[in-house]
Amino acid sequence: RLFLGSLLAGLALFVYGFVSFAVLRWHNPKTVPDESALAEAIKASVTEPGVYMVPGPVKADGTHRGQDEWMAASDRGPYLLAMIRPGPNRRPMVSYMSASLVWNVGLAFLLGLILRSTGLPTRKLVVLGAAIGLFAALANWLPASNWYEYPLAYWAPYVVDQVVQGVLVPLRHAAWGAN
């Protein structure tokens, strides 16, 4: 029952993720006005995928910037924190979708296992699931907003997503009788 409930909950999370990203479209980051110039500069400077920061704590020659030097460069701007893949995407969309579905089922199983161990009625499991989702989201996004200046308008939808997902898991488990 727990596995089948997790499968249904994972499917619900997958569908909700599609609605959140493709229908609501509130996860769209801002675009750069001259995208091609920035793309060419990135291709000329970055050779391997990774998370990059400008100004970086380490200079191109491998020496570490001192705290004062890094802070001065950061204050002057521009400041950038980005995941960069400088070359073409070699993964088909189906591989992203499949991985997402598998992760959703796995996460639904983990949360279902945690919630099931409480022995609480469904109503209280839904509240607990929402609270776990809120905690997980805020534990991630509050530090990111503080240290990396993520604006509220960008990360607030992710917080909502995780709370909704925390509610969907116990509801789907309860519908299957897996609680």
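**View 1. One side of helix H3 is buried in this predicted model.** Helix H3 spans residues 67–76, and its buried residues include Trp70, Ala73 and Ser74. Buried means under 20% relative accessible area, exposed means over 50%, and partly exposed lies in between (1.4 Å probe, protein chains only). The three cover an arc of only 100° around the axis, so they sit on the same side of H3. That arc is taken from the directions that run from the helix axis to the C-beta atoms. On the other side of H3, Asp68, Asp75 and Arg76 are exposed. The buried residues of H3 pack against strand E1 (50–54). Contact here means heavy atoms within 4.5 Å. Just after H3, Gly77 has a positive phi of about 80°. Helices (H or I, at least four residues) and strands (E, at least two) are DSSP runs, numbered from the N terminus.

Residues are numbered from 1 along each chain as its sequence is written, side-chain values use heavy atoms, and hydrogens and water are left out. Because the model is predicted, local features need pLDDT of at least 70 and side-chain atom pairs count only at pLDDT 80 or more, while totals for chains, interfaces and linings use all residues.

**View 2. Asp61 lies in the loop between E1 and H3.** Asp61 counts as exposed, because its relative accessibility is 59%. Its side chain joins that of Thr63 in a polar contact of 2.7 Å. A polar contact is a pair of N or O atoms within 3.5 Å; within protein, one must be able to donate a hydrogen and the other to accept it, and residues adjacent in sequence count only if both atoms are side-chain atoms. Leu128 is 67 residues from Asp61 along the chain, and their C-alpha atoms are separated by 50 Å.

**View 3. His27 is found in the loop between H1 and H2.** Is His27 buried or exposed? It is buried, with a relative accessible area of 4%. Its side chain makes a polar contact of 2.9 Å with the side chain of Ser20. Another polar contact, of 3.1 Å, joins the side chains of His27 and Trp26. Beyond its neighbours within four places in sequence, His27 is in contact with Ser20, Phe21, Tyr154, Pro157, Tyr158 and Asp161.

**View 4. The largest pocket has a volume of about 1,100 Å³.** Of its 27 lining residues, Pro29, Lys30, Leu80, Leu81 and Ala82 are the closest to its centre. A pocket is an open set of points on a 1 Å grid over the protein atoms alone, where a 1.4 Å probe fits, with protein on both sides within 12 Å along at least five of seven lines; lining residues have an atom within 4 Å of a point. Grid points are joined across faces, edges and corners, and the volume is the space filled by probe spheres set on the points. Helix H2 (35–45), strand E2 (80–84) and helix H6 (152–176) each supply at least two lining residues. The lining has 19 nonpolar, three polar and five charged residues. Ala, Val, Leu, Ile, Met, Phe, Trp, Tyr, Cys and Pro count as nonpolar, Asp, Glu, Lys and Arg as charged, and the others, Gly among them, as polar.

**View 5. The second largest pocket has a volume of about 820 Å³.** It is lined by 28 residues, with Leu13, Ser100, Asn104, Leu107 and Gln165 nearest its centre. H4 gives the most to this lining, with eleven residues. Ser100 is found in H4. It lies 9.5 Å from Leu13, C-alpha to C-alpha.
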